[in-house]
Amino acid sequence: MTTSITSLLQALHIIPTSSIKQKTSQSVTTTNKSNVGLTATSLPEICLKAVAQHDDYSDCWIVVYDRVYDVTNFLQDHPGGSDIIMDYAGRDATLAFHGTGHSGDAIEQMREYLIGELPSQERIFRTKNTQVLLKGIPE
């Protein structure tokens, strides 16, 4: 029962996920170097629960357009500062990313940090019937 309540509170972002990090068999541990050559068809699936465990400065994952990015090594290089990314650490940052108006170079640079994608049942923006807000996002 406690686990269900904790999961619900984390999903609603009422309590920070970093306070209750649990190992999960679906967690993916990769480095930025290992994703060279990954394509949209060869990406591992990473669930939102696994993404939520990576929400601090030493281990930061975000979701943008249903794709998972390990931006840990990019935090200090982000032109807007690391705090902006940390606001969405372990969560979906799509609307914030889209609303900022990133350059083509910034969008292209995202490939370096791509480590996976959400399972089809957890996707919002890239579903079989919907391709929402995808203009300019690397495939």
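1. Start with Tyr65, which is found in the loop between strand 2 and strand 3; helices (H or I, at least four residues) and strands (E, at least two) are DSSP runs, numbered from the N terminus. This is a predicted model, so keep in mind that local features need pLDDT of at least 70, side-chain atom pairs count only at pLDDT 80 or more, and totals for chains, interfaces and linings use all residues. Residues are numbered from 1 along each chain as its sequence is written, and side-chain values use heavy atoms, with hydrogens and water left out.

2. The backbone of that loop deserves a look. Tyr65 is not a glycine, yet has a positive phi of about 50 degrees. Asp66, found in the loop between strand 2 and strand 3 as well, has a phi near 70 degrees, again positive in a residue other than glycine. Tyr65 is buried at a relative accessible area of 1%, and Asp66 counts as buried at 0% (buried means under 20% relative accessible area, exposed over 50%, partly exposed in between; 1.4 Å probe, protein chains only).

3. Now the strands on either side. Strand 2 (residues 59-64) and strand 3 (residues 67-70) run antiparallel and are joined by 4 bridges; two strands pair if DSSP finds at least two bridges between them. Ile62 stands opposite Tyr69 in strand 3.

4. As for the whole sheet, it is open, with 4 strands in the order 1-2-3-4 and antiparallel pairing. Strand 1 (55-56) and strand 4 (114-117) are at the edges with a single partner strand each, so one side of each has no neighbour in the sheet.

5. On to the rings: the whole structure holds 3 aromatic pairs (rings of Phe, Tyr and Trp, its six-membered ring, pair if their centres lie within 6.5 Å; planes under 30 degrees apart count as stacked, over 60 as edge-to-face and the rest as tilted). Tyr65 and Phe125 make an edge-to-face pair, 5.8 Å centre to centre with 70 degrees between the planes. Phe125 lies in the segment after strand 4, so this pair ties together parts that are 60 residues apart in sequence. Phe125 is buried at 9% relative accessibility. Ring pairs link Tyr65, Phe97 and Phe125 into a cluster.

6. Phe74 and Tyr113 form a tilted pair, 5.4 Å centre to centre and 45 degrees between the planes. Phe74 sits in the loop between strand 3 and helix 3, and Tyr113 in the loop between helix 5 (104-109) and strand 4, 39 residues apart. Phe74 is buried at 13%, and Tyr113 counts as buried at 10%.
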